[in-house]
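Please read the following note alongside the sequence and the model. Each point takes up one part of the structure.

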Amino acid sequence: MRRILITGANSYVGNAFKQWVEAKHGDKIQVDTVGMKNREWKEKSFVGYEAILHAAGIAHVSTDKSMEELYYEVNTDLTAEVAEKAKRDEVRQFIFLSSMIVYGDASNAQMITKDTEPKPTNFYGNSKLQAEKRISQLADANFLVANVRPPMIYGKGSKGNYIKLSGLARKVPFFPEYKNRRSMIHVDNLSEFLALLILHEDHGTFHPQNADYVCTSELVKTIGSVHGNQVRTTGLFNGVIGKLVDKNMMMNKLFGDFAYAKELSAYPHDYHVRNFYDSIVATEVK
């Protein structure tokens, strides 16, 4: 039985991972959690845990310059402090939940490969990248560090752009049929990946994603169909979208390309427990 501690007791991924492991790997992995507020984590001994999953952090919710210092305090400095404590307490493996945003955003219409260098375009992305660098400096034969860079995470109870699209898909009668490619990952696929990472004591930098890329128009159609709204697609606006997608932030978020090359996400063990359609049903159906 491997003992795992999640630092970030109320994080979305932390909670989902705990529930997944208890249901699917309860005979192999025992999961505990500790909060980060009021320095609760500092009072807890990490001794006896095989791995730490550090899921705490400030999400990408603001570009307000006044928030920059807080992002670095929480996403960078706090992560490094937790990793240092884990190493002192002889934890074998430290897993950091980073983000695809270390590569920037879709404004560059990116297909990210093994040769693509991280290039954050905001302090959220840079705070994650700096955390990766800090904890990687601690790695050695007895302290294995895994930096996990998931793309957009979605699932029951998730927040962010997926929820906005979901609300749109339930109402609109039609939507542009513009072809794009997005890497996304359902939270169950991510949870299974993290469980396998722990069971096999893997270390390095990882880029998990769903088995298939997501096209925004197909995503909207699928969500709509789950709710009984048969969204029709049209190519009528494709010319306008093509001109604006690299210039307008809203168009970029909706229709820009931002994906990992499939070979970058190669992993010896299959973690794709949900295909695209099943993942949408699991997310949308009460």
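1. Basis of the note. This is a predicted model, in which local features need pLDDT of at least 70 and side-chain atom pairs count only at pLDDT 80 or more, while totals for chains, interfaces and linings use all residues. Residues are numbered from 1 along each chain as its sequence is written, and side-chain values use heavy atoms, with hydrogens and water left out.

2. Helices (H or I, at least four residues) and strands (E, at least two) are DSSP runs, numbered from the N terminus. Burial is judged by relative accessible area: under 20% is buried, over 50% is exposed, and partly exposed lies in between (1.4 Å probe, protein chains only). Because five of its six residues are buried, strand 1 is largely enclosed by the rest of the structure.

3. Partners of strand 1. Two strands pair if DSSP finds at least two bridges between them. Strand 1 runs parallel to strand 2 (residues 29–34), and six bridges join them; here I4 stands opposite V31. The chain passes from strand 1 through helix 1 (residues 12–24) to strand 2 in a right-handed β-α-β crossover. Right-handed means that, with the strands pointing away from the viewer, the path from the first strand over the helix to the second runs clockwise. Strand 1 is also parallel to strand 3 (residues 51–54), with four bridges between them, and I6 stands opposite L53 there.

4. Salt bridge of R2. A salt bridge is a side-chain nitrogen of Lys or Arg within 4 Å of a carboxyl oxygen of Asp or Glu, and by this rule the count comes to 14. In one of them, the closest N and O atoms of R2 and E201 are 3.3 Å apart. R2 lies in strand 1 (residues 2–7) and E201 in the loop between helix 6 (187–199) and strand 10 (204–206), so the pair ties together parts that are 199 residues apart in sequence. R2 is buried, at 16% relative accessibility, whereas E201 is partly exposed, at 28%.

5. Two further salt bridges. E81 and K42 form a salt bridge with their closest N and O atoms 3.8 Å apart. Because E81 lies in helix 3 and K42 in helix 2 (residues 40–43), this pair ties together parts that are 39 residues apart in sequence. Another salt bridge joins K114 to D115, at 3.5 Å between the closest N and O atoms. K114 is exposed, with a relative accessible area of 67%, and D115 is exposed at 58%.

6. Helix 4. The 14 residues of helix 4 (residues 123–136) should span 20 Å, and the end C-alpha atoms are 20 Å apart, which agrees. Its buried residues include F123, L129 and I135, and their cover includes helix 3, strand 4 (93–97) and strand 6 (144–148).

7. A buried lysine. K85 belongs to helix 3 (residues 68–88). K85 is buried, with a relative accessible area of 10%. Contact means heavy atoms within 4.5 Å; leaving aside neighbours within four places in sequence, K85 is in contact with W41, K42, K44, S45 and F46.

Conventions. Expected span 1.5 Å × (residues − 1).
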